[in-house]
Amino acid sequence: MKNTVKLLMTISVILSLTCCNAPSKRWSEEKANKWYAQQGWLSGCNYTTSTAINQIEMWSADTFDPETIDRELGWGEDLGFNTMRVFLSSLVWENDPEGLKDRMEVFLQICTDHGIRPFFVFFDDCWDPVSHYGKQREPRPGIHNSGWVQDPSVERRRDTLSLYPVLEAYMKDIIGTFRKDKRILMWDVYNEPGNSQHLNASIPLLKKSFEWARAARPTQPLTAAVTCQDFGDLNKIQLENSDIVCLHTYSAPELVKHAIDTLKTYGRPVMCTEYMARPFGCSFQSVMPLLKENNVAAVNWGFVAGKTNTIYPWGGAESYQEPDVWFHDIIRVDGTPFSEEEVKLIRQINGKCD
(Lines give C-alpha, C1' and ligand atoms only; values in the text may rest on other atoms or scores of the structure.)
Protein backbone atom coordinates (compact mmCIF):
# COMPACT_ATOMS: atom_id res chain seq x y z
CA MET A 1 0.00 0.00 0.00
CA LYS A 2 2.88 2.43 0.74
CA ASN A 3 4.23 1.95 -2.76
CA THR A 4 0.74 2.53 -4.19
CA VAL A 5 0.35 5.79 -2.27
CA LYS A 6 3.78 6.96 -3.46
CA LEU A 7 2.77 6.16 -7.03
CA LEU A 8 -0.45 8.15 -6.65
CA MET A 9 1.36 11.20 -5.39
CA THR A 10 4.04 10.94 -8.08
CA ILE A 11 1.36 10.83 -10.77
CA SER A 12 -0.37 13.83 -9.22
CA VAL A 13 2.85 15.86 -9.16
CA ILE A 14 3.73 14.95 -12.75
CA LEU A 15 0.31 15.94 -13.98
CA SER A 16 0.38 19.21 -12.08
CA LEU A 17 3.70 20.08 -13.74
CA THR A 18 2.54 19.21 -17.25
CA CYS A 19 -1.06 19.63 -18.35
CA CYS A 20 -2.56 21.05 -15.21
CA ASN A 21 -0.95 24.46 -14.65
CA ALA A 22 -3.80 26.28 -16.39
CA PRO A 23 -7.09 24.48 -15.73
CA SER A 24 -9.65 24.54 -18.49
CA LYS A 25 -12.70 26.72 -18.10
CA ARG A 26 -16.33 25.81 -18.31
CA TRP A 27 -17.48 25.70 -21.89
CA SER A 28 -19.50 28.62 -23.20
CA GLU A 29 -23.11 28.00 -24.20
CA GLU A 30 -22.07 28.48 -27.82
CA LYS A 31 -19.31 25.87 -27.61
CA ALA A 32 -21.55 23.40 -25.79
CA ASN A 33 -24.37 23.74 -28.32
CA LYS A 34 -21.99 23.48 -31.27
CA TRP A 35 -20.48 20.30 -29.81
CA TYR A 36 -23.91 18.77 -29.22
CA ALA A 37 -25.08 19.56 -32.74
CA GLN A 38 -22.10 17.65 -34.12
CA GLN A 39 -22.95 14.44 -32.23
CA GLY A 40 -26.24 13.58 -33.86
CA TRP A 41 -28.96 12.26 -31.58
CA LEU A 42 -27.43 10.21 -28.78
CA SER A 43 -29.05 7.01 -27.57
CA GLY A 44 -27.74 4.32 -25.25
CA CYS A 45 -27.86 2.86 -21.78
CA ASN A 46 -26.05 2.65 -18.47
CA TYR A 47 -23.85 -0.36 -19.02
CA THR A 48 -22.38 -2.86 -16.59
CA THR A 49 -21.18 -6.21 -17.88
CA SER A 50 -23.79 -8.87 -17.05
CA THR A 51 -21.04 -10.89 -15.33
CA ALA A 52 -20.24 -8.07 -12.87
CA ILE A 53 -22.22 -7.19 -9.75
CA ASN A 54 -20.67 -3.74 -9.50
CA GLN A 55 -18.07 -1.37 -10.90
CA ILE A 56 -15.23 -3.03 -8.95
CA GLU A 57 -15.96 -6.45 -10.44
CA MET A 58 -16.36 -4.99 -13.91
CA TRP A 59 -12.92 -3.37 -13.92
CA SER A 60 -10.75 -5.67 -11.77
CA ALA A 61 -8.11 -7.72 -13.58
CA ASP A 62 -9.47 -11.12 -12.51
CA THR A 63 -13.05 -10.38 -13.52
CA PHE A 64 -12.77 -8.00 -16.48
CA ASP A 65 -14.66 -9.80 -19.25
CA PRO A 66 -13.92 -8.46 -22.76
CA GLU A 67 -15.56 -11.44 -24.48
CA THR A 68 -18.88 -10.72 -22.79
CA ILE A 69 -18.48 -6.98 -23.37
CA ASP A 70 -17.94 -7.56 -27.08
CA ARG A 71 -21.00 -9.80 -27.33
CA GLU A 72 -23.24 -7.44 -25.37
CA LEU A 73 -22.12 -4.27 -27.14
CA GLY A 74 -22.86 -6.10 -30.38
CA TRP A 75 -26.46 -6.35 -29.18
CA GLY A 76 -26.33 -2.65 -28.36
CA GLU A 77 -25.12 -1.88 -31.87
CA ASP A 78 -28.02 -3.91 -33.27
CA LEU A 79 -30.44 -1.75 -31.27
CA GLY A 80 -28.87 1.39 -32.70
CA PHE A 81 -27.22 2.55 -29.49
CA ASN A 82 -24.29 4.91 -30.07
CA THR A 83 -23.25 5.67 -26.49
CA MET A 84 -22.97 3.97 -23.10
CA ARG A 85 -22.67 5.44 -19.60
CA VAL A 86 -20.09 3.42 -17.67
CA PHE A 87 -19.00 3.66 -14.03
CA LEU A 88 -15.32 3.47 -13.16
CA SER A 89 -13.86 2.52 -9.76
CA SER A 90 -11.42 4.61 -7.73
CA LEU A 91 -10.66 1.51 -5.66
CA VAL A 92 -9.56 -0.47 -8.70
CA TRP A 93 -7.39 2.44 -9.83
CA GLU A 94 -5.84 2.84 -6.38
CA ASN A 95 -4.75 -0.79 -6.37
CA ASP A 96 -3.96 -1.20 -10.08
CA PRO A 97 -3.79 2.15 -11.91
CA GLU A 98 -1.97 0.99 -15.01
CA GLY A 99 -4.10 -2.13 -15.26
CA LEU A 100 -7.32 -0.10 -15.11
CA LYS A 101 -6.15 2.17 -17.91
CA ASP A 102 -5.12 -0.82 -20.00
CA ARG A 103 -8.57 -2.34 -19.54
CA MET A 104 -10.21 0.98 -20.41
CA GLU A 105 -8.21 0.92 -23.64
CA VAL A 106 -9.54 -2.58 -24.41
CA PHE A 107 -13.07 -1.45 -23.59
CA LEU A 108 -12.76 1.63 -25.81
CA GLN A 109 -11.54 -0.46 -28.73
CA ILE A 110 -14.51 -2.81 -28.35
CA CYS A 111 -16.85 0.20 -28.22
CA THR A 112 -15.28 1.59 -31.39
CA ASP A 113 -15.77 -1.74 -33.14
CA HIS A 114 -19.50 -1.39 -32.46
CA GLY A 115 -19.88 2.32 -33.26
CA ILE A 116 -20.31 3.32 -29.61
CA ARG A 117 -18.73 6.32 -27.84
CA PRO A 118 -19.04 5.81 -24.08
CA PHE A 119 -18.77 8.30 -21.25
CA PHE A 120 -17.35 7.47 -17.85
CA VAL A 121 -18.54 8.19 -14.29
CA PHE A 122 -16.07 8.78 -11.46
CA PHE A 123 -17.83 9.09 -8.08
CA ASP A 124 -21.16 7.71 -6.85
CA ASP A 125 -23.34 8.26 -3.77
CA CYS A 126 -25.73 5.36 -4.44
CA TRP A 127 -26.27 2.00 -2.74
CA ASP A 128 -23.92 0.14 -0.37
CA PRO A 129 -21.73 2.47 1.74
CA VAL A 130 -19.05 -0.19 2.26
CA SER A 131 -16.72 -1.46 -0.43
CA HIS A 132 -13.56 -3.53 -0.68
CA TYR A 133 -11.07 -4.47 -3.34
CA GLY A 134 -10.89 -8.11 -4.39
CA LYS A 135 -13.58 -10.76 -4.73
CA GLN A 136 -17.10 -9.32 -4.54
CA ARG A 137 -20.05 -11.04 -2.92
CA GLU A 138 -22.65 -12.95 -4.90
CA PRO A 139 -25.99 -11.25 -5.69
CA ARG A 140 -28.89 -11.59 -3.27
CA PRO A 141 -31.70 -13.12 -5.33
CA GLY A 142 -34.41 -10.64 -6.16
CA ILE A 143 -32.63 -7.65 -4.57
CA HIS A 144 -32.02 -4.71 -6.86
CA ASN A 145 -28.33 -3.72 -7.06
CA SER A 146 -27.50 -5.96 -4.09
CA GLY A 147 -23.76 -5.50 -4.64
CA TRP A 148 -23.44 -1.99 -6.06
CA VAL A 149 -21.18 0.23 -3.96
CA GLN A 150 -20.69 3.91 -3.29
CA ASP A 151 -17.43 5.41 -4.51
CA PRO A 152 -15.60 6.38 -2.39
CA SER A 153 -16.85 4.23 0.48
CA VAL A 154 -18.37 6.10 3.40
CA GLU A 155 -15.81 5.12 6.03
CA ARG A 156 -13.03 6.73 3.97
CA ARG A 157 -14.87 10.03 3.57
CA ARG A 158 -14.28 10.96 7.20
CA ASP A 159 -10.56 11.54 6.55
CA THR A 160 -10.49 13.89 3.60
CA LEU A 161 -6.85 14.82 4.24
CA SER A 162 -5.89 11.27 3.29
CA LEU A 163 -8.65 10.60 0.79
CA TYR A 164 -8.69 13.71 -1.38
CA PRO A 165 -5.09 13.43 -2.67
CA VAL A 166 -5.88 9.88 -3.80
CA LEU A 167 -9.11 10.90 -5.55
CA GLU A 168 -7.42 13.91 -7.12
CA ALA A 169 -4.63 11.74 -8.50
CA TYR A 170 -7.22 9.24 -9.77
CA MET A 171 -9.22 11.81 -11.72
CA LYS A 172 -6.17 13.59 -13.10
CA ASP A 173 -4.54 10.35 -14.18
CA ILE A 174 -7.60 8.94 -15.94
CA ILE A 175 -8.69 12.19 -17.61
CA GLY A 176 -5.10 13.21 -18.30
CA THR A 177 -4.45 9.91 -20.05
CA PHE A 178 -7.57 10.09 -22.24
CA ARG A 179 -8.07 13.87 -22.40
CA LYS A 180 -7.78 14.00 -26.20
CA ASP A 181 -9.34 10.63 -26.95
CA LYS A 182 -12.16 11.13 -29.45
CA ARG A 183 -13.58 7.71 -28.59
CA ILE A 184 -14.80 9.16 -25.27
CA LEU A 185 -17.97 11.24 -25.49
CA MET A 186 -17.61 13.13 -22.18
CA TRP A 187 -16.85 12.77 -18.45
CA ASP A 188 -19.54 12.42 -15.78
CA VAL A 189 -17.75 13.53 -12.63
CA TYR A 190 -20.21 12.44 -9.92
CA ASN A 191 -23.32 10.26 -9.95
CA GLU A 192 -26.21 11.61 -7.87
CA PRO A 193 -24.31 13.53 -5.20
CA GLY A 194 -26.46 13.82 -2.09
CA ASN A 195 -28.16 10.46 -2.53
CA SER A 196 -28.17 7.81 0.26
CA GLN A 197 -28.84 10.60 2.78
CA HIS A 198 -25.49 12.29 2.14
CA LEU A 199 -27.33 15.49 1.19
CA ASN A 200 -25.12 18.60 1.42
CA ALA A 201 -22.26 16.61 2.93
CA SER A 202 -21.41 15.76 -0.70
CA ILE A 203 -20.85 19.40 -1.66
CA PRO A 204 -17.08 19.50 -0.94
CA LEU A 205 -16.35 16.42 -3.06
CA LEU A 206 -18.70 17.60 -5.81
CA LYS A 207 -16.84 20.91 -6.04
CA LYS A 208 -13.49 19.16 -5.96
CA SER A 209 -14.52 16.70 -8.67
CA PHE A 210 -15.15 19.54 -11.12
CA GLU A 211 -11.96 21.30 -10.02
CA TRP A 212 -9.78 18.21 -10.47
CA ALA A 213 -11.39 17.32 -13.79
CA ARG A 214 -10.87 20.83 -15.17
CA ALA A 215 -7.24 20.73 -14.01
CA ALA A 216 -6.64 17.74 -16.30
CA ARG A 217 -7.70 19.89 -19.28
CA PRO A 218 -10.02 17.46 -21.07
CA THR A 219 -11.07 18.17 -24.63
CA GLN A 220 -14.35 16.38 -23.85
CA PRO A 221 -17.15 18.15 -21.91
CA LEU A 222 -17.88 17.63 -18.21
CA THR A 223 -21.21 17.00 -16.54
CA ALA A 224 -22.98 15.83 -13.38
CA ALA A 225 -26.70 15.15 -13.66
CA VAL A 226 -29.35 16.80 -11.51
CA THR A 227 -31.74 14.34 -9.92
CA CYS A 228 -34.00 15.73 -7.21
CA GLN A 229 -35.65 19.11 -6.65
CA ASP A 230 -34.92 18.80 -2.92
CA PHE A 231 -31.16 18.91 -3.65
CA GLY A 232 -31.23 22.65 -4.30
CA ASP A 233 -27.67 23.50 -3.23
CA LEU A 234 -26.23 20.50 -5.06
CA ASN A 235 -28.24 21.15 -8.22
CA LYS A 236 -27.00 24.73 -8.29
CA ILE A 237 -23.36 23.60 -8.20
CA GLN A 238 -23.98 20.98 -10.88
CA LEU A 239 -25.75 23.39 -13.21
CA GLU A 240 -23.14 26.11 -12.70
CA ASN A 241 -20.24 23.77 -13.51
CA SER A 242 -21.52 21.35 -16.14
CA ASP A 243 -20.71 21.98 -19.79
CA ILE A 244 -23.68 19.83 -20.80
CA VAL A 245 -26.82 19.79 -18.63
CA CYS A 246 -27.92 16.28 -17.69
CA LEU A 247 -30.85 14.91 -15.73
CA HIS A 248 -31.99 11.64 -14.22
CA THR A 249 -35.69 10.88 -14.18
CA TYR A 250 -37.89 7.85 -13.58
CA SER A 251 -41.11 9.84 -13.83
CA ALA A 252 -44.11 9.76 -16.12
CA PRO A 253 -43.85 11.62 -19.47
CA GLU A 254 -45.55 14.85 -18.38
CA LEU A 255 -43.05 15.32 -15.54
CA VAL A 256 -40.16 14.45 -17.85
CA LYS A 257 -41.34 17.13 -20.30
CA HIS A 258 -41.55 19.69 -17.49
CA ALA A 259 -38.00 18.87 -16.40
CA ILE A 260 -36.72 19.19 -19.97
CA ASP A 261 -38.42 22.55 -20.47
CA THR A 262 -37.01 23.85 -17.18
CA LEU A 263 -33.45 22.74 -17.91
CA LYS A 264 -33.49 24.11 -21.45
CA THR A 265 -33.84 27.61 -20.00
CA TYR A 266 -30.14 27.38 -19.09
CA GLY A 267 -29.29 27.64 -22.79
CA ARG A 268 -27.24 24.47 -22.94
CA PRO A 269 -27.80 21.03 -24.48
CA VAL A 270 -29.84 18.68 -22.29
CA MET A 271 -29.15 14.97 -21.97
CA CYS A 272 -31.10 12.40 -19.97
CA THR A 273 -28.47 10.02 -18.60
CA GLU A 274 -30.82 7.86 -16.52
CA TYR A 275 -34.45 6.96 -17.18
CA MET A 276 -36.79 3.99 -17.70
CA ALA A 277 -38.58 2.25 -14.84
CA ARG A 278 -41.52 0.38 -16.34
CA PRO A 279 -43.70 0.17 -13.19
CA PHE A 280 -43.51 3.98 -12.80
CA GLY A 281 -44.88 4.69 -16.27
CA CYS A 282 -41.42 5.72 -17.43
CA SER A 283 -41.08 3.27 -20.30
CA PHE A 284 -39.42 3.22 -23.68
CA GLN A 285 -42.84 3.62 -25.28
CA SER A 286 -43.79 6.66 -23.21
CA VAL A 287 -40.50 8.53 -22.75
CA MET A 288 -37.97 7.63 -25.46
CA PRO A 289 -39.97 9.29 -28.30
CA LEU A 290 -40.43 12.37 -26.11
CA LEU A 291 -36.68 12.65 -25.56
CA LYS A 292 -35.95 12.38 -29.27
CA GLU A 293 -38.61 14.91 -30.18
CA ASN A 294 -36.95 17.40 -27.82
CA ASN A 295 -33.41 16.54 -28.99
CA VAL A 296 -32.53 15.20 -25.55
CA ALA A 297 -30.09 12.28 -25.47
CA ALA A 298 -31.74 9.10 -24.15
CA VAL A 299 -29.56 6.91 -21.90
CA ASN A 300 -31.71 4.44 -19.97
CA TRP A 301 -30.69 2.48 -16.89
CA GLY A 302 -29.77 -1.12 -17.59
CA PHE A 303 -29.10 -3.27 -20.61
CA VAL A 304 -28.40 -6.99 -20.18
CA ALA A 305 -30.06 -8.61 -17.16
CA GLY A 306 -27.17 -9.91 -15.09
CA LYS A 307 -25.62 -9.86 -11.63
CA THR A 308 -26.81 -6.32 -10.81
CA ASN A 309 -30.37 -7.69 -10.50
CA THR A 310 -31.93 -4.51 -11.84
CA ILE A 311 -34.85 -6.34 -13.40
CA TYR A 312 -36.14 -6.35 -9.80
CA PRO A 313 -37.68 -3.23 -8.21
CA TRP A 314 -36.12 -0.87 -5.72
CA GLY A 315 -36.81 -2.14 -2.22
CA GLY A 316 -38.02 -5.55 -3.37
CA ALA A 317 -37.97 -8.74 -1.31
CA GLU A 318 -35.67 -11.70 -1.93
CA SER A 319 -37.01 -13.86 -4.74
CA TYR A 320 -35.79 -16.32 -7.35
CA GLN A 321 -38.79 -15.66 -9.58
CA GLU A 322 -38.42 -13.35 -12.57
CA PRO A 323 -40.90 -10.46 -12.25
CA ASP A 324 -43.68 -10.27 -14.81
CA VAL A 325 -42.64 -6.69 -15.56
CA TRP A 326 -38.92 -5.95 -15.42
CA PHE A 327 -37.97 -2.79 -13.55
CA HIS A 328 -34.92 -2.00 -15.75
CA ASP A 329 -32.89 -3.80 -18.45
CA ILE A 330 -33.73 -4.86 -21.98
CA ILE A 331 -32.11 -8.17 -22.89
CA ARG A 332 -31.46 -11.54 -21.25
CA VAL A 333 -27.97 -13.03 -21.11
CA ASP A 334 -28.80 -15.26 -24.08
CA GLY A 335 -29.56 -12.20 -26.21
CA THR A 336 -33.35 -12.55 -26.25
CA PRO A 337 -35.33 -9.43 -25.30
CA PHE A 338 -37.69 -8.96 -22.37
CA SER A 339 -40.13 -7.47 -24.88
CA GLU A 340 -40.02 -7.88 -28.65
CA GLU A 341 -42.28 -4.85 -28.93
CA GLU A 342 -39.83 -2.70 -26.96
CA VAL A 343 -36.83 -3.79 -29.00
CA LYS A 344 -38.69 -3.07 -32.23
CA LEU A 345 -39.52 0.42 -30.96
CA ILE A 346 -35.96 1.14 -29.81
CA ARG A 347 -34.55 0.08 -33.16
CA GLN A 348 -37.16 2.14 -34.98
CA ILE A 349 -36.46 5.30 -32.96
CA ASN A 350 -32.73 4.79 -33.45
CA GLY A 351 -33.18 4.51 -37.20
CA LYS A 352 -32.42 0.78 -37.46
CA CYS A 353 -34.73 -0.68 -40.08
CA ASP A 354 -35.73 -4.34 -39.87
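The following legends describe close-up views of a predicted model.

**View 1. The packing of helices H12 and H13.**
Helix H12 spans residues 284–293 and helix H13 spans residues 340–349. Their axes lie 11 Å apart and form an angle of about 5 degrees. Angles under 35 degrees count as roughly parallel, and H12 and H13 are therefore roughly parallel to each other. On the H12 side, the contact involves Phe284, Gln285, Met288, Pro289 and Lys292. These residues meet Glu341, Glu342, Leu345, Ile346 and Ile349 in H13. The residues of this contact comprise six nonpolar, one polar and three charged.

**View 2. Asn350, in the segment after H13.**
Asn350 is found in the segment that follows helix H13. Asn350 has a relative accessible area of 16% and is therefore buried, since buried means under 20%. Leaving aside residues up to four places away in sequence, Asn350 touches Trp41, Ser43, Leu79, Gly80, Phe81 and Met288. Met288 is also one of the H12 residues in the contact with H13.

**View 3. The largest nonpolar core.**
This core holds 83 residues. The members that touch the most other members are Trp59, Phe107, Phe120, Ile174, Tyr275 and Phe303. Helix H8, residues 160–178, gives the most to the core, with ten residues. Apart from this core lies another, of 14 residues, which include Leu42, Leu185, Met271 and Val299. In soluble globular proteins, nonpolar side chains tend to be buried together.

**View 4. The surroundings of Phe303.**

A search of the whole structure finds zero disulfides. A disulfide requires two cysteine sulfur atoms within 2.5 Å. Cys126 is buried, with a relative accessible area of 9%.

Technical notes
Residues are numbered from 1 along each chain as its sequence is written. This is a predicted model: local features need pLDDT of at least 70, side-chain atom pairs count only at pLDDT 80 or more; totals for chains, interfaces and linings use all residues. Side-chain values use heavy atoms; hydrogens and water are left out. Axes are lines fitted to C-alpha atoms, for helices over the stretch in contact, and angles run from 0 to 180 degrees between N-to-C directions. Helices (H or I, at least four residues) and strands (E, at least two) are DSSP runs, numbered from the N terminus. Angles under 35 degrees count as roughly parallel, over 145 as roughly antiparallel, 65 to 115 as roughly perpendicular and the rest as oblique. Contact means heavy atoms within 4.5 Å. Ala, Val, Leu, Ile, Met, Phe, Trp, Tyr, Cys and Pro count as nonpolar, Asp, Glu, Lys and Arg as charged, and the others, Gly among them, as polar. Buried means under 20% relative accessible area, exposed over 50%, partly exposed in between (1.4 Å probe, protein chains only). A nonpolar core is a set of buried Ala, Val, Leu, Ile, Met, Phe, Trp, Tyr and Cys residues joined through side-chain atoms within 4.5 Å.
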